[in-house]
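Colleague: I am new to this one. Please walk me through how to read its main features.

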Amino acid sequence: MASRRPVSLMENLHDLMTNRRSIRRFTQASIPAEDVKLIMEAALMAPTSKSSRPWHFVLVDDRNTLERLSQCRQAGSGPIAKCRLAVVVCADSSLTGPWIEDATIAATYIQLQAQDLGLGSVWIQVRDRFDAEGVPADENIQGILGIPDTISVECVVAIGYPDETKNPQNLEKLLWERVHIGGWNPEQTQA
C-alpha cells in the first residue's frame, strides 16, 4: 500500500524557510490526523548525537489542558491556549550530553513540516523559564502532563491553521555582516 505523499505548498526548502514565520493566532479548524502523523514523522527523523534519539513528544489537543499549559510561564505562552495542537518537546538527558540540541532540531523539523502542510506554528521556550511565582515552567508542564522528572522539557510548539498573515522574510534585511569567511573578520561584508 502506497503511503500518502502530501502536496507541498512550498516549491523548495528555501521557499519554505522564507515563508515560515511565527504564528501566534490560530483558527479553530481541526488538523487532519494524517497531517499530525507527518509532523511527528518529521520529528522522529530529526538527527541526534550518536543516533541517541533522546526525544519524547507529548501531543495535546484537549482545550482544558491547552489552557493549563498556556499558564506554564509568566509571559509568552498564551498562544498555547488558542492552538489546535501543542507538541511538548522533551528529552531524556541521561542518554546524551547534547539533548538540548537534539530536542531543538526536532522542534525545528516540526515547525518546517507544519509550514509545508499550510499550518502555522510558534516555539514557546520552556527550559530556563518560570511562572509568576518563580516555579520553573518545565516543572509546571511535567505536573500537568505527568512527565517524569527524568525527562526534561525543552519547548512547546503550538500548531494550527493561521488566523493572521505575515509577510515572508525580507531577504534584503539578512545580516550578511554576521557571516565570516575563513576566520573571524568583523569588517568582512558580503554584497
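Modeller: Start with burial. Buried means under 20% relative accessible area, exposed means over 50%, and partly exposed is in between, with a 1.4 Å probe and protein chains only. D128 is exposed, at 53% relative accessible area. Two ground rules follow. This is a predicted model, where local features need pLDDT of at least 70, side-chain atom pairs count only at pLDDT 80 or more, and totals for chains, interfaces and linings use all residues. Residues are numbered from 1 along each chain as its sequence is written, and side-chain values use heavy atoms, with hydrogens and water left out.

Colleague: Which residue forms a salt bridge with D128?

Modeller: The general idea: a salt bridge is a side-chain nitrogen of Lys or Arg within 4 Å of a carboxyl oxygen of Asp or Glu. D128 pairs with R127, and their closest N and O atoms are 3.0 Å apart. R127 is partly exposed, at 22% relative accessibility. R127 also forms a salt bridge with E154, where the closest N and O atoms are 2.6 Å apart. E154 sits in strand 4 and R127 in the loop between strand 3 and helix 6, so this pair ties together parts 27 residues apart in sequence. E154 is buried, with a relative accessible area of 2%.

Colleague: How many salt bridges does the structure hold?

Modeller: It holds 3. One of them joins the side chains of E41 and K37, at 3.2 Å from N to O. These two are 4 residues apart in helix 2, which means about one helical turn separates them. E41 is partly exposed at 33%, and K37 is exposed at 53%.

Colleague: How many bridges join strand 2 to strand 4?

Modeller: There are 8, between residues 85-92 of strand 2 and residues 151-160 of strand 4. C90 stands opposite V153 of strand 4.

Colleague: What span does helix 5 reach?

Modeller: The expected span of a helix is 1.5 Å times one less than its number of residues. Helix 5 has 18 residues and reaches 26 Å from first C-alpha to last, close to the 26 Å expected. Its buried residues include W99, A103, I110 and L112. The buried residues of helix 5 pack against helix 1 (13-19), helix 2 (33-44) and strands 1, 2, 3 and 4. After helix 5 comes G118, with a positive phi near 85°.

Colleague: And which residues of helix 2 are buried?

Modeller: They are D35, V36, L38, I39, M40, A42 and A43. Their cover includes strand 1, strand 2, helix 5 and strand 4.

Colleague: Now the loops. Is S77 buried or exposed?

Modeller: S77 is buried, at 2% relative accessible area. It lies in the loop between helix 3 (63-69) and helix 4 (79-82). Leaving aside neighbours within four places in sequence, S77 contacts S70, Q71, C72 and I124.

Colleague: Where is I23?

Modeller: I23 is in the loop between helix 1 and helix 2. I23 is buried, at 6% relative accessibility. Not counting residues up to four places away in sequence, I23 touches G120, S121, V122, P162, E164 and K166.

Technical notes. Two strands pair if DSSP finds at least two bridges between them. Contact means heavy atoms within 4.5 Å.
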